Amino acid sequence: MSRKTRTVLYAALAFILMLLLILSMAWYNGVNPFHPRTRMYWLAAVVAALYISLRGAIFVERLQYRRERKADDTEAPSRLSANIKDRMAARKARVAAAQKKAGQDKTS
């Protein structure tokens with residue numbers, strides 16, 4: 001699933017949950033959210049719920065993306081990386097692999 005799809009899914013689920021919360025709060029207080037006098041107040045609550053659900057979905061998706069990237073970074077570093085530590089670690093891994101291969105060739 002792509003990052004955008006995940007973000008939209010999280011936002012939609014959070015928005016539906018918030019709409020249900022808003023409507024249940026109105027019902028609990030005995031207020032009709034569709035009455036002309038109170039309609040704009042409840043519409044403002046819906047707009048706020050939309051904003052909060054989008055920001056929350058973006059935040060949660062970014063956290064998950066960072067965790068996935070962190071798990072992927074534990075693999076062998078690239079020799080083409082801009083970070084000198086990554087290039088040196090890649091070189092050490094290549095040297096170790098070459099020494100292991102040379103040791104196997106001598107025993108054969």
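A salt bridge is a side-chain nitrogen of Lys or Arg within 4 Å of a carboxyl oxygen of Asp or Glu. The structure holds 3 salt bridges. It is a predicted model, in which local features need pLDDT of at least 70 and side-chain atom pairs count only at pLDDT 80 or more, while totals for chains, interfaces and linings use all residues. Residues are numbered from 1 along each chain as its sequence is written, and side-chain values use heavy atoms, with hydrogens and water left out.

**View 1. The protein chain comprises 3 helices and 0 strands.** Helices (H or I, at least four residues) and strands (E, at least two) are DSSP runs, numbered from the N terminus. The pattern along the sequence is α-α-α. Of the 108 residues, 12% are buried (under 20% relative accessible area, with exposed meaning over 50% and partly exposed in between; 1.4 Å probe, protein chains only).

**View 2. R3, R6, E61 and E68 are linked in a network of salt bridges.** The side chains of E61 and R3 meet at 3.3 Å, N to O. Because E61 lies in helix α2 (residues 39-72) and R3 in helix α1, this pair ties together parts that are 58 residues apart in sequence. E61 also forms a salt bridge with R6, the closest N and O atoms being 4.0 Å apart. The side chains of E68 and R6 meet at 2.9 Å, N to O; this pair links α2 with α1 across 62 residues.

View 3. R3 is partly exposed, at 35%, and E68 is partly exposed, at 37%.

**View 4. T7 is situated in helix α1 (residues 3-29).** T7 counts as buried because its relative accessibility is 18%. A polar atom of the T7 side chain lies 2.8 Å from the backbone oxygen of R3. Leaving aside residues up to four places away in sequence, T7 touches A57, I58 and E61 (contact means heavy atoms within 4.5 Å). The buried residues of α1 are R6, T7, A11, I22 and A26.

**View 5. Helix α1 is followed by G30, whose phi is positive, near 75°.** The end C-alpha atoms of α1 are 39 Å apart, which agrees with the 39 Å that its 27 residues should span at 1.5 Å a residue (the expected span is 1.5 Å times one less than the number of residues).

Terms used:
A polar contact is a pair of N or O atoms within 3.5 Å; within protein, one must be able to donate a hydrogen and the other to accept it, and residues adjacent in sequence count only if both atoms are side-chain atoms.
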